[in-house]
Amino acid sequence: MNRIEVKDLNVYFGDAHILKDINTEIAKNTVTALIGPSGCGKSTFIRTLNRMNDLIPNFRHEGDVYLDGKDIYNPKMDVVDLRKKIGMVFQKPNPFPKSIFENVAYGLRIHGVSDNDKLNQRVEESLKSAALWDEVKDKLDNSAMGLSGGQQQRLCIARTIANNPEVILMDEPCSALDPISTTKIEDLIHKLKTEYTIIIVTHNMQQATRVSKYTSFFLNGEIIESNLTDKIFIDPKNKKTEDYITGRFG
Amino acid sequence: MDKNNLSEFIIEKGLFIMAIFSIIIIFLIISFVLLEGLPAFEDYGFFQFIFGLTWAPNDSQYGVFAMIIGSICVTLLAMLMAVPLSLLCAIFMAEVAPSKVRKILKPVIETLSGIPSVVYGFFGLIVLVPIIRENFGGTGFSMFTASLILAVMVLPTIITLSQDSLRSVPHEYREASLGLGATNWQTIKNIIFPAALPGIITSIILGMGRAIGETLAVIMVAGNVVQIPNSIFDPVRTLTANIAIEMGYATGLHYNALFGTGIVLFIIIIGLLVVANYIQHKYKVDVGGGYL
Amino acid sequence: MSIKIWSPKISQKIMNAVFIISGIITILLLVLIIGYILIKGLPAVSLEFIFSDPIDSGKYGGIFPMIVSTLYVTAIAGVVATPLGIGAAVYMTEYASENKLVKIIRFGSETLASIPSIVFGLFGLTFFVLFLGLGWSVLSGGLVLAMMALPTIFQVSEVTITSIPSSYREGSYGLGATKWQTIYRVVLPAAIPGIVTGVILGMTRAISEAAAVMFAVGASLSVPISIFDPGRPLPLHLYILATEGISLENAYGTAAVLVIIVLAITIISNWAVDKYQNKIMGR
């Protein structure tokens with residue numbers, strides 16, 4: 001069953017045509033990796049899925065994006081609800097300058113949870129799901145700014161999970177991390193994929209093969225090829241895909 | 001040393017002297033104002049000068065306490081009116097307004113800050129004073145009128161500086177909050193405003209400094225009676241007004257006492273400035289934080 | 001725990017309305033003040049008003065000597081403060097390396113910017129008028145205003161020069177230019193729009209100021225010829241007309257002239273700076 005469907009999507013920033021005729025489907029409870037050279041539009045693409053691009057003043061789009069059959073760009077769609085359902089983890093860890101606890105509780109609070117027991121319980125669950133609980137359980141009141149980069153990124157994942165999303169978008173979540181932290185995040189992605197639909201942007205091809213079931217290759221704003229990850233890396237159909245994964249450009 | 005190096009050397013030293021000119025000026029101001037003001041403290045007594053309730057140059061009474069209270073009251077009342085409006089306006093410009101609206105508001109605020117203070121005072125004198133007189137009784141020359149004018153005068157200072165501080169909050173925080181499904185207002189209230197708070201407080205303090213230091217606009221509407229006001233519709237005299245009104249004809253100890261008033265004013269301003277600097281450095285948010 | 005009365009979406013709508021209202025109030029304040037002064041004042045303004053001498057301490061007649069005084073004190077302030085401000089900014093951005101000194105100079109400049117104008121007035125009286133013996137003159141007044149305009153020019157220039165990309169400097173050094181040649185021929189020309197803005201902001205402050213000059217410039221009603229003559233700049237004239245109840249009509253007229261000057265400077269300089277910027281960036 002497909003969770004997200006994208007039909008004839010074109011995205012423009014002012015005069016620049018960033019995404020061209022994108023048609024794709026994202027399967028439920030799997031990990032889909034988006035690969036491609038810098039500037040190919042993969043980040044713009046995932047930011048289209050939770051309407052984060054709405055923040056950019058000259059953003060314009062054509063075509064449709066469906067989440068479980070509902071058009072997310074329908075004027076009646078509530079962006080706030082949408083972003084609650086489709087969580088996002090950013091390239092650079094971006095915890096708020098608040099305590100560890102408050103970072104995770106933030107999404108709950110803004111969505112009206114004020115019961116302390118419930119908050120405590122959800123924060124603990126989320127930190128456990130993000131494999132961070134053991135490292136921070138004794139210092140929940142400390143500032144999140146004191147954590148290492150890898151811990152901060154897992155905190156951001158916990159913060160997203162606490163909102164109970166259906167889809168998690170990850171925009172190069174490991175690009176600012178060291179190899180050990182990267183391994184931890186990748187393990188975490190494996191754990192999360194049974195419950196969440198995950199879309200991860202990466203330009204590390206090994207990472208794509210390690211974590212994802214499906215892979216789409218983006219180039220110059222187009223999807224060149226989408227397939228099972230195993231297939232795309234072993235037997236690419238398109239010459240450009242082959243060039244990219246064998247390191248001939250990018 | 002060849003010719004090129006020599007001229008480079010001279011240029012550098014010349015520029016250095018220009019750079020320390022501000023310091024030299026401050027030094028001169030402090031020493032000259034102190035030189036003229038200290039006799040008032042010495043001859044009249046420091047505590048009597050600061051805490052004395054009577055200012056009567058004809059009887060050689062030089063207590064500035066009522067003026068200190070006057071300055072503080074006028075300023076606080078002005079801030080009470082100006083701060084909410086300026087902060088709302090700053091948030092509106094930094095976070096909410098579309099860029100077209102921002103393009104209208106920016107020159108509006110620049111122009112507000114460019115209007116001469118005498119013009120503000122004149123406007124207060126011919127427009128506000130009669131309105132206050134008719135609606136609240138008295139002469140219309142009052143602490144409230146002065147505060148109203150000061151509130152408008154400090155708007156641009158607080159708006160501009162708070163807006164800078166709001167804008168310097170990293171974009172990542174905004175994205176993270178919106179990405180969690182927060183509304184724009186929730187993001188502002190919970191994330192952006194707290195992160196910008198040190199800068200906002202600094203802007204308020206600098207606005208206060210401007211209000212305390214304002215002279216002619218206040219003189220024109222405050223009534224200038226030396227008294228501790230009982231109501232906001234009583235006339236008051238501020239420290240600045242005291243100097244400007246009496247300097248023209250002061251001699252002897254009276255002259256020194258007016259410089260003494262200037263010293264008191266100076267100390268208050270330096271105090272505010274030190275607090276502002278302290279807050280800005282102490283509570284600086286570490287942008288991006290942590291270590292990667 | 002706070003009690004939730006409003007849903008987040010409703011509070012968003014309420015706050016949006018509050019924000020828009022605050023913006024509107026700010027605009028209205030400006031329109032109200034400027035509009036009132038201009039509507040009341042413009043009828044009094046005529047060529048005759050601008051170019052004739054005041055009669056009977058300003059009860060009748062015009063404001064020509066005040067305009068000349070204003071031009072004098074502002075020009076003196078500009079001539080003195082501009083090189084000092086730019087020089088200090090160049091030193092701070094291109095030469096200064098000792099962190100402590102930079103901090104002290106910056107604090108000094110902030111302090112200078114926050115000193116109340118009336119304290120400048122006191123200083124002008126003891127230092128320029130009496131100690132240096134310059135007397136009550138447009139020179140004394142101009143020098144006081146120069147000190148007040150200095151921090152503005154310095155701060156704006158410093159920010160502008162700091163924002164010049166270091167690639168410009170490297171390009172110049174790469175061609176064998178000395179430090180000063182690089183600053184003079186590459187850095188400063190690129191920084192001109194910002195520096196001009198700073199100088200104009202400083203000059204606007206000088207044009208508008210009355211309290212700082214009231215004990216330095218005298219209050220003469222005749223046209224100052226040399227810089228050692230006393231004068232009476234426009235803001236001071238307005239203050240005297242209004243507080244001594246000499247002539248409300250002429251006070252309105254003077255206020256209108258003052259507002260028009262400040263508005264004109266702001267608009268023209270914004271326009272000129274934009275134009276220059278477009279030209280050097282090849283737009």
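This is a predicted model: local features need pLDDT of at least 70, side-chain atom pairs count only at pLDDT 80 or more; totals for chains, interfaces and linings use all residues.

Colleague: Fine. How many helices and strands does chain A have?

Modeller: Chain A has 10 helices and 10 strands. Its radius of gyration is 18 Å, close to the 18 Å that the globule rule gives for 250 residues, so chain A is as compact as a globular protein of that length. The C-alpha trace spans about 55 × 45 × 35 Å along its principal axes.

Colleague: And what share of the residues of chain A count as buried?

Modeller: That would be 46% of the 250 residues. Also, among contacts in chain A with a separation of 6 or more, 68% are between residues 24 or more positions apart.

Colleague: Which feature does UniProt place on chain A?

Modeller: The UniProt record, an unreviewed entry, puts "domain: ABC transporter" at residues 4-245 of chain A. Over that stretch the chain is 38% helix and 27% strand, with the end C-alpha atoms 26 Å apart.

Colleague: Let's zoom in. Is strand S7 of chain A enclosed or open?

Modeller: Strand S7 of chain A covers residues 167-171, and five of the five are buried, so the strand is largely enclosed by the rest of the structure.

Colleague: Which residues sit on each side of S7(A)?

Modeller: A:Val167, A:Leu169 and A:Asp171 are on one side, A:Ile168 and A:Met170 on the other, and all are buried. In a regular strand the side chains alternate between the two faces of the sheet.

Colleague: OK, and which strands does S7(A) pair with?

Modeller: Strand S6 of chain A (residues 86-89) runs parallel to S7(A) and is joined to it by four bridges, with A:Ile86 standing opposite A:Val167. Strand S8 of chain A (residues 197-201) also pairs with S7(A) in the parallel sense, over five bridges, and there A:Leu169 stands opposite A:Ile199.

Colleague: How does the chain cross from S7(A) to S8(A)?

Modeller: Through helix H7 of chain A (residues 179-192), and this β-α-β crossover is right-handed.

Colleague: Switching topic: how many residues are in contact between chain B and chain C?

Modeller: There are 65 residues of chain B in contact with 66 residues of chain C. Helix H2 of chain B (residues 21-44) gives the largest share of the chain B side, 10 residues.

Colleague: How many residues on that side of chain B are nonpolar, polar or charged?

Modeller: The chain B side that touches chain C has 48 nonpolar, 13 polar and four charged residues.

Key. Residues are numbered from 1 along each chain as its sequence is written. Chains are lettered from A and ligands numbered from 1 in the order in which they are written. Helices (H or I, at least four residues) and strands (E, at least two) are DSSP runs, numbered from the N terminus. The radius of gyration is taken over C-alpha atoms; the globule rule is 2.2 Å times the number of residues to the power 0.38. A residue is buried if 20 or more other C-beta atoms lie within 10 Å of its own, exposed if 12 or fewer, and partly exposed in between; C-beta atoms are placed from the backbone. Two residues are in contact if their C-beta atoms, placed from the backbone, lie within 7 Å. Ala, Val, Leu, Ile, Met, Phe, Trp, Tyr, Cys and Pro count as nonpolar, Asp, Glu, Lys and Arg as charged, and the others, Gly among them, as polar. UniProt positions are given in the numbering used here, feature names are shortened, and annotations may be inferred rather than shown by experiment. Two strands pair if DSSP finds at least two bridges between them. A crossover is right-handed if, with the strands pointing away from the viewer, the path from the first strand over the helix to the second runs clockwise.
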